[in-house]
Amino acid sequence: MSKRILVTGVSGFIAKHVALQLLQKGYDVCGTLRALNKADQIKKSLSDAGGDISRLSFAAADLTKDDGWEEAARGCVGVMHVASPFPVAQPSNRNALIPAARGGVLRVLKAADKSARIVITSSMVAMMYRPNRPETFTVEEADWTDTSWKSLSAYIVSKTEAEKAAWQTAVDGGYKHRITTVNPGLVFGPALDDDIGASLDVIRLLMTGAYPAVPPVSYPVVDVRDVAQIHVNALENPETSGRRLIAASETLSLSDIAEILRQAFPDRAGKIPSRVLPAWLVRLLAVVDRNIATVLADLGSVPQADSDYVRALTGVNFRPARDAVIDAARSLERIKSI
Ligand code: NAP
């Protein structure tokens, strides 16, 4: 019997890896796109990476609209809801992304089959922000971001509101036991094509010398292949039901990442920044550069991920963060994004 899984936003960096691992495990995949003209490129990327695309189909659906979701979800025994806006430059209105992120997850939950397993890609950003955090702290499964904190970007607010709404809806509807969220840190690892997403753009900016120095920020890092494997495990493993799976282990500062890149790509070392900007200067620059505004809430803090329970539940052994950084950069060279 065919086991059809819905993957929302299959054009995305992470969703393509999720779809690839599902195809490699013999599932049928229906990927949603808001623009179906991306379908041929996605077929090529997944086929080149070793996916059997004869079991891949597409459906049109936009997170901000009702149309298309019911048809897309029909007959799907599982749902991987990965799509959510992740812009490189943050909108100045901190509520701007909520309609797509929160509205989108609610549309997907409504459309999903009443017995389907549902895995939602949330983020560690939905867990790790509150005013007056200590400089170094550990992020745990029960933690929630305090969205009243004014420094938060629109992306952080949208991911937190979307995940909260998903759990509340599942509790109210009596189906919390069919839901798992995956909460990745900063995702690196190889891109499958030149639609690279916001996190690999960080590597692209460092490799191309777009900024002469880096802000003093640190993030728990994870490889996209581990993130995809955790999604597939969550779909298949009932022990993950009702859980929030933190996907990340080691924490790297942007300065650590730049140093890893300088060592691994000596030909480019001259371009890769080696200086760290003081926090006050980052705050000043953020007024005119919306890319820089993205990191304001992270200045000077060093979050660590408590993910031992995820290793134990899913059996996923996180790849070293250094390898995730280098493999991301190598893939950017391969697909000529840098
Ligand atoms: P990405 O490559 O930008 O993928 C985002 C996907 O969402 C794209 O397929 C995009 O479609 C889709 N999307 C955005 N707005 C939409 C809308 N209104 N209607 C339908 N689809 C829409 O980013 P990603 O890194 O793969 O992120 C995937 C998920 O992982 C997101 O939920 C993100 O929050 C989460 N996440 C990412 C990271 C990370 O470091 N990358 C970390 C934690 C969590 P288009 O191709 O049409 O734009």
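Which helices and strands each supply at least two residues of the shell around the ligand? The elements are α1 (13–24), α5 (154–173), β8 (186–188) and α6 (197–207). Helices (H or I, at least four residues) and strands (E, at least two) are DSSP runs, numbered from the N terminus.

## Basis of the model

This is a predicted model in which local features need pLDDT of at least 70 and side-chain atom pairs count only at pLDDT 80 or more, while totals for chains, interfaces and linings use all residues. Residues are numbered from 1 along each chain as its sequence is written, and side-chain values use heavy atoms, with hydrogens and water left out.

The ligand is surrounded by 26 residues, each with a heavy atom within 4 Å of it. S11, K38, V82, Y155 and K159 are the closest. By class, the shell has twelve nonpolar, ten polar and four charged residues; here Ala, Val, Leu, Ile, Met, Phe, Trp, Tyr, Cys and Pro count as nonpolar, Asp, Glu, Lys and Arg as charged, and the others, Gly among them, as polar.

The protein covers 90% of the 890 Å² of accessible area that the ligand has on its own (Shrake-Rupley method, 1.4 Å probe).

The structure holds one cavity of 30 Å³ or more, a cavity being a set of points on a 1 Å grid over the protein atoms alone where a 1.4 Å probe fits but cannot get out. The largest cavity contains about 80 Å³ of space, the volume being that filled by probe spheres set on the points.

Residues lining the largest cavity, with an atom within 4 Å of a point, include H81, S84, T121, K159 and E163. The lining divides into five nonpolar, four polar and two charged residues. At least two residues each come from α4 (98–111), β5 (117–121) and α5, and α5 gives the most, with three.

## Annotated domain

UniProt, in an unreviewed entry, lists residues 5–241 as "domain: NAD-dependent epimerase/dehydratase"; such annotations may be inferred rather than shown by experiment. This span is 36% helix and 19% strand, and its end C-alpha atoms lie 17 Å apart.

Notes
1 Å grid on protein atoms, 1.4 Å probe; cavity = no way out; pocket = protein on both sides within 12 Å on 5 of 7 lines; lining within 4 Å.
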